[in-house]
Amino acid sequence: MVLQAATGRALSDVAATLTHGQLEHVFAQVGAALAAIHSIRVDGFGQRQAEKCWQFADWDSYVQAMLRDRAADVPALLQAGLARSEVVTLVQLLAQLSLLGCTEPALCHGDLGMDHLFVDDQLKLTGVIDFGLLQAGPPVLDFAVLLLYHPEVNLVWLQRGYQNTAIFDEAFTRQLLFYQANVAMGYLAADTRE
């Protein structure tokens with residue numbers, strides 16, 4: 001990995017001082033950056049493997065592995081304080097992911113938050129950093145992670161900069177919620193185990 005210092009400062013360092021209009025301006029640029037990242041088509045799903053291939057060859061394998069991971073997380077989720085009925089409902093909800101399908105996986109950042117977005121003094125987006133959780137999957141994944149980390153961000157701001165508006169169809173909101181549930185369950189279980 002070759003590292004180079006990013007110009008500007010992390011958005012997380014300045015976001016609290018920005019107006020609503022300034023945040024909207026920045027996140028339209030983030031939407032454009034996501035569109036550029038997602039324009040890179042890949043031939044698999046999951047994380048990149050040392051053998052220069054992706055972890056899963058197809059959507060069904062990817063979803064089944066995700067469901068196995070969440071099923072393995074059940075004891076930690078119960079230990080974290082969720083009721084058994086809540087956990088069962090969440091796992092059943094995630095099972096619907098297999099019905100959504102994804103025929104064109106894209107490159108995804110995988111861990112997009114304000115601390116990974118850099119802006120200059122004029123609030124121009126100067127960099128997207130830390131691709132350590134880079135993965136292949138549906139573009140909705142990056143939106144789900146960003147909005148899970150930062151619920152104060154308005155999806156419309158991101159949509160303004162994102163060139164492929166076709167992804168924001170009627171199924172997008174449901175997919176967004178499924179992925180947020182999946183990520184949140186995984187993070188909560190991992191934190192509980194630690």
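This report covers the sheets, a helix pair and the salt bridges of a predicted model.

## Basis

The model is predicted: local features need pLDDT of at least 70, side-chain atom pairs count only at pLDDT 80 or more, and totals for chains, interfaces and linings use all residues. Residues are numbered from 1 along each chain as its sequence is written, and side-chain values use heavy atoms, with hydrogens and water left out.

## Four-stranded sheet

Strands β3, β2, β7 and β4 form, in that order, an open sheet with antiparallel pairing. Strands are DSSP runs of E with at least two residues, helices are runs of H or I with at least four residues, and both are numbered from the N terminus. Two strands pair if DSSP finds at least two bridges between them.

The edges are β3 (54-56) and β4 (106-108); each has a single partner strand, so one side of each is left without a neighbour in the sheet. The twist from one strand to the next averages 30 degrees. β4 and β7 (residues 135-137) run antiparallel and are joined by three bridges. Within this pair, L107 has A136 of β7 as its bridge partner.

Two bridges connect β1 with β5 (residues 117-119) in the antiparallel sense, and R9 stands opposite V119 in β5.

R9 is in strand β1 and D121 in the loop between β5 and β6, so the pair ties together parts that are 112 residues apart in sequence. The count comes to five salt bridges, each being a side-chain nitrogen of Lys or Arg within 4 Å of a carboxyl oxygen of Asp or Glu.

## Helices α5 and α9

Helix α5 (residues 84-94) packs on helix α9 (residues 172-193) at an angle of about 130 degrees, with the axes 10 Å apart. That makes α5 oblique to α9. Axes are lines fitted to C-alpha atoms, for helices over the stretch in contact, and angles run from 0 to 180 degrees between N-to-C directions. Angles under 35 degrees count as roughly parallel, over 145 as roughly antiparallel, 65 to 115 as roughly perpendicular and the rest as oblique.

The contact (heavy atoms within 4.5 Å) is made by L90, V91, L93 and L94 of α5 and F178, A181, N182 and M185 of α9.
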